[in-house]
Amino acid sequence: MATLVPNLTVLPLVADSRLSALGAVRGYREAVANGTHAMLVGRSSTTEFVGTLSHLDRMPLCSYLSSASEFSDKAAYPYFARTMPSVDQAAAQLPRLLAHFGWRSIAILQLNDPYATGYAQALRDAAPAAGVAVILTAT
């Protein structure tokens with residue numbers, strides 16, 4: 001138990017979702033049952049479910065790893081915050097960096113999953129404005 005400021009105590013409760021929706025919901029329900037008032041979560045795959053519950057319960061939720069752009073929608077996830085940029089924000093900056101180093105054309109090799117597909121699309125959308133051509137996209 002650690003006291004950060006007077007009258008505020010932080011007690012860690014660790015729950016491993018095992019990257020499943022059911023595990024995420026179980027961990028959330030356990031935390032709520034133990035009196036949790038705010039949560040820290042990891043990956044986007046679990047944040048989707050916990051984020052919906054935190055909206056219903058009006059519980060602040062912060063993620064150190066959820067980069068999916070859908071969590072930027074404050075109507076759907078009003079209690080969600082993150083410590084890393086969204087996929088759209090990160091992908092929008094990469095073409096500017098590539099152009100800075102003189103790269104004018106790129107190929108995108110991606111996995112076939114929602115994160116990679118979203119990142120690749122955001123990269124394709126942002127590349128022309130930086131003067132970078134996407135000559136190939138492959139999964």
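A residue counts as buried when its relative accessible area is under 20%. In this predicted model, serine 86 has a relative accessible area of 4%, and therefore falls in the buried class. Serine 86 is part of the loop between E5 and H3. Leaving aside residues up to four places away in sequence, serine 86 touches Ser67, Ser69 and Ser72.

Arginine 82 belongs to strand E5, which covers residues 80-82. With residues up to four places away in sequence again left out, the contacts of arginine 82 are Ser63, Ser66, Ser67, Ala68, Ser69, Phe71 and Ser72. Between arginine 82 and serine 44 the C-alpha to C-alpha distance is 11 Å, while the two are 38 residues apart in sequence.

## Helix H3

Helix H3 runs over residues 87-100 and has 14 residues. From its first C-alpha to its last, H3 reaches 20 Å, close to the 20 Å expected at 1.5 Å a residue. Val87, Ala91, Pro95, Leu98 and Ala99 are the buried residues of H3. These buried residues line one face of the helix, because they fall within an arc of 115° when H3 is seen down its axis. An α-helix has 3.6 residues a turn, so residues three or four places apart point the same way.

Arg96 and His100 are exposed, on the face of H3 turned away from its buried side. Strand E6 (105-109) and helix H4 (114-126) are included in what covers the buried residues of H3. Just after H3, glycine 102 has a positive phi of about 85°.

## Helix H4

H4 has 13 residues, which should span 18 Å at 1.5 Å a residue; the end C-alpha atoms are 18 Å apart, in agreement with that value. Within H4, Ala116, Ala120, Ala122, Leu123 and Ala126 are buried. Down the axis of H4, the buried residues fall within an arc of 165°, so they line one face of the helix.

The face of H4 turned away from this buried side carries Pro114 and Asp125, both exposed. The cover over the buried residues of H4 includes H3 and E6. In turn, H4 and E6 are included in the cover over the buried residues of H3.

## Packing of H1 and H2

Two packed helices are described by the angle between their axes and the distance between the axes. For helix H1 (residues 21-33) and helix H2 (residues 44-57), the axes come within 8 Å and cross at roughly 35°. The crossing of H1 past H2 is right-handed.

On the H1 side, the contact involves Ala21, Ala24, Val25, Tyr28 and Val32. Sorted by class, the contact of H1 with H2 has eight nonpolar, two polar and one charged residues.

Arginine 58 lies in the loop between H2 and strand E4 (61-63). Although arginine 58 is not a glycine, its phi is positive, at about 55°. Arginine 58 counts as exposed because its relative accessibility is 63%, and the exposed class begins over 50%. Serine 86, also in a loop, is by contrast buried, with a relative accessible area of 4%.

Methods
Residues numbered from 1 in each chain as written. Predicted model: local features only at pLDDT ≥ 70, side-chain atom pairs only at ≥ 80, totals over all residues. Heavy atoms only, no water. Helix = DSSP H or I, 4+ residues; strand = E, 2+ residues; numbered from the N terminus. Expected span 1.5 Å × (residues − 1). Buried < 20%, exposed > 50% of the residue type's maximum accessible area, 1.4 Å probe, protein only. Arc of directions from axis to C-beta. Contact = heavy atoms within 4.5 Å. Axes fitted to C-alpha atoms, helices over the stretch in contact; angles between N-to-C directions. Left-handed = near helix turned anticlockwise from the far one by under 90°. Nonpolar A, V, L, I, M, F, W, Y, C, P; charged D, E, K, R; others polar.
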